[in-house]
Amino acid sequence: MLIPSTMFRHHLKIAVRNILKQRAYSLLNLLGLAAGMICALMILLYVQDELSYDRFHTKIDRLYRLDFAGMMGETDLTTSESGPGTARIVAKDFPEVEAAVRLRRSGGAFVAYKDQEFKEERWAFADSQFFDLFTFPLIQGNPQTALVAPNSVVISASMAKKYFNGEDPLDKMLSIDGGDATYQVTGVMEDMPSTSHFHFDFVASMTSISSSNDTEWLSFYLTTYLLLKEGTSAENLEAKFPNMVAKYVGPEVEMYTKMSLEELKKGGNYFSYHLFPVKDIHLHSNKSGDLEPSGNMSYVLLFSIIGLFILLIACINFMNLATARSLGRAREVGVKKVVGAQRGQLITQFLVEAITLSLAAMGVAVLGAYFALPFFNELTGKEIVASGELLGKWLPVILGFGVLTGLLAGSYPAFFLSAFRPVSVLRGKLGKMSGGKRFRSALVVFQFVTTVTLLIGTFVVYSQLQYIQQKKLGFNKDHVLIINDAYLLENQIHAFNQQLKQHPQVINTTISSYLPVTSSRTGNAMFPGRQPEQDKMQVMQFWSVDYDYIETMGISMKEGRNFSKAFGTDSLAVIINETAARQLGWPNAIGEEVSTFNGETEGEYATYKVVGVIEDFHFASFRTHIEPMILFLDHSPGKISVRFQAADLEAFLAGMQLEWDSFDTGHALNYSFLDEKFASMYQAEQRTGQIISFFAGLAILIACLGLFGLAAFTAEQRTKEIGIRKVLGASFSHILWLLSRDFALLILIAFALAIPLAYYVMYQWLGGFEYHTSLGVAPFVFTGFLIFGIAALSVSLQSIKAALTLPVKALKQE
């Protein structure tokens, strides 16, 4: 039923008057609601941002990534990468495909223009139709031709400003890696949005690299994207891929293994291709070869549920504070009913009051969210920008959200207060007819079940992070300096390495592009002996290292020996890890032979002799199991790792800079630390812990406000009882316990209900890690002490006040 405008204005006027009349209560309620709304708004922005990835592409519904899935022995070969020859064949053989584009991420390059030079990491190579598939508008240049010619590059607007600062960048030449190559700027694109699953500032033509014409299918080092024609079914197209595998992958497999695809399948091995929607990459991919770390749909759902529950906690807080005021509003209700007010009118009045307060809280929440957004961005790694456009987009949602919250929070108080009987109220018998105690208690239990679950979750997440930091990794990540771009030294790299070894604070050094904490991976198909068998082939990590790698990284030998210059045959020697020895079926691996298909001649094998076995070490995330690994001697000049011992780190780094400058590379020393790279592998888990702890703190604050309200309500109802008990000699401690025991029981019930819920949720979360801490009693015990302590403080404020009230005042009030 619609409310007449005159009546609405009347209700609104009374609502504003009552809010201003009870300033302390209104402020407390407003802050509680605003806190819950800030949380809900932040999570709404986070979820919207996560769900909007890649949706800005105009052809997003027809864009797919071509993924490879396979199994070789015990190794899962699933990857988002494909071979260089795949795209050309797919576009030619399948009329359903409108275009196929390859994208290859580069390791970065030194870019120079005139007298300025910078190291740029966000560099990629792409086929000429790149801008046909992806909606990255060009500010300057022709998207159809910008990536056709070799050594052409499209740069972002930020890079145009950085390098050219007002000059027209078109047709300007950029020098790469000290003049090794030059690229002509053929276009300027808008900066790639933060909600793209990849980000590059330089997109160069694929024809610029010699491997662009390679035809291999099983060399996985680039990403293939397909644009399907209108009306094409991705499922129907994917159903044709097995024939494609048999026609093109089969011969390549047979060329290297001397076994047909069918023979390999008999050993449990398989190869397949699949279409993955580009719009789902960010939240659902998480595959080897992904261009950037992906999000996690589970976290989006988790944070959405947390946001909803915290908002419900805030609404429950509103209800409890409203019922705590019931005695003060009872006579108002009684008088209005006596003069003819209907219950529906009273319900409307209380709902208008709740909605008015809710909209005011929403205004505070919007303002709070605006100021909290930079902190939230830092917490979540987002780049959400507060703007008038964003506010205008969400204004209807915000207003609707405020009204809905007001209705939700005000419904129970409205029906509760409007049910007062005038005769009982005016006779002062509110205490006998103000039912709903069980409902209000249930609300408090719900609040604290949510709060306790969040707290336990926080403790478990940080416990897992502590486990990761303290677990024996199998290598020593501390005090290792990584000198990047060592390839710039060219043929002087070994001289530089030897000079570093003479430094008094350097313990050892090693030259290798492979680090135990980075994404540099090379998987090779290996088999024991000299002849491959279909059921004994395994894909293993195949890392090229030097003589000092194992010692510098602090890796322990389990059997055999390290590489040594004293053995001239070590060029054909390998060292394997425990997992490799186990998968190859060798109880004693020393002296055994292992071969790979990567010989210099197609169809021939390279065979190595095992001279040592190292202990397994974690070179990937704790979410995955340790893969089999083989180390062999070869030149891999990408990085130099320096193990050092220095009391003064700044002085040591200054010394390293001098050593680097003495070789005149023309570039500044670019370094990082091994332990920092290790920590960055778990950035998502660290952010999850910070977000959950933030929400848990907010939930505690709001829940305790609700507990405070219920304590006030109880003390108000039992004023006469307290006065009589004190007259009869009840002590202060007895009164305090009398008022607090019910709340202690509620918290105990909430804690008991939260334990199995929290255990299940965190058990599932820890199950995502191959290696994780045990879910012991410590998180539950810590949470118990913390929640009971905070709740006791909240309740004691009202309980002490009631216990200290003089009996005369209490009896007079009744």
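Modeller: Start with strand 14 (residues 480-483) and strand 23 (residues 640-644), which are antiparallel and joined by four bridges. This is a predicted model: local features need pLDDT of at least 70, side-chain atom pairs count only at pLDDT 80 or more, and totals for chains, interfaces and linings use all residues. Residues are numbered from 1 along each chain as its sequence is written, and side-chain values use heavy atoms, without hydrogens and water.

Colleague: What makes strand 14 and strand 23 a pair?

Modeller: Two strands pair if DSSP finds at least two bridges between them. Here four bridges join them, so they pair. Strands are DSSP runs (E, at least two residues), numbered from the N terminus. Leucine 481 stands opposite valine 642 in strand 23.

Colleague: Which strands form the open sheet, and in what order?

Modeller: The order is 15-23-14-24, with antiparallel pairing. Strand 15 (506-511) and strand 24 (671-673) are the edges, since each pairs on one side only.

Colleague: Why is the pair of tryptophan 543 and phenylalanine 617 called edge-to-face?

Modeller: Rings of Phe, Tyr and Trp (its six-membered ring) pair if their centres lie within 6.5 Å; planes under 30 degrees apart are stacked, over 60 edge-to-face, the rest tilted. These centres are 6.5 Å apart and the planes stand at 70 degrees, so the pair is edge-to-face.

Colleague: What makes lysine 477 a charge over the face of phenylalanine 678?

Modeller: The rule asks for NZ of Lys or CZ of Arg within 6 Å of the ring centre and within 35 degrees of the ring normal. Lysine 477 lies over that face, at 5.3 Å from the ring centre.
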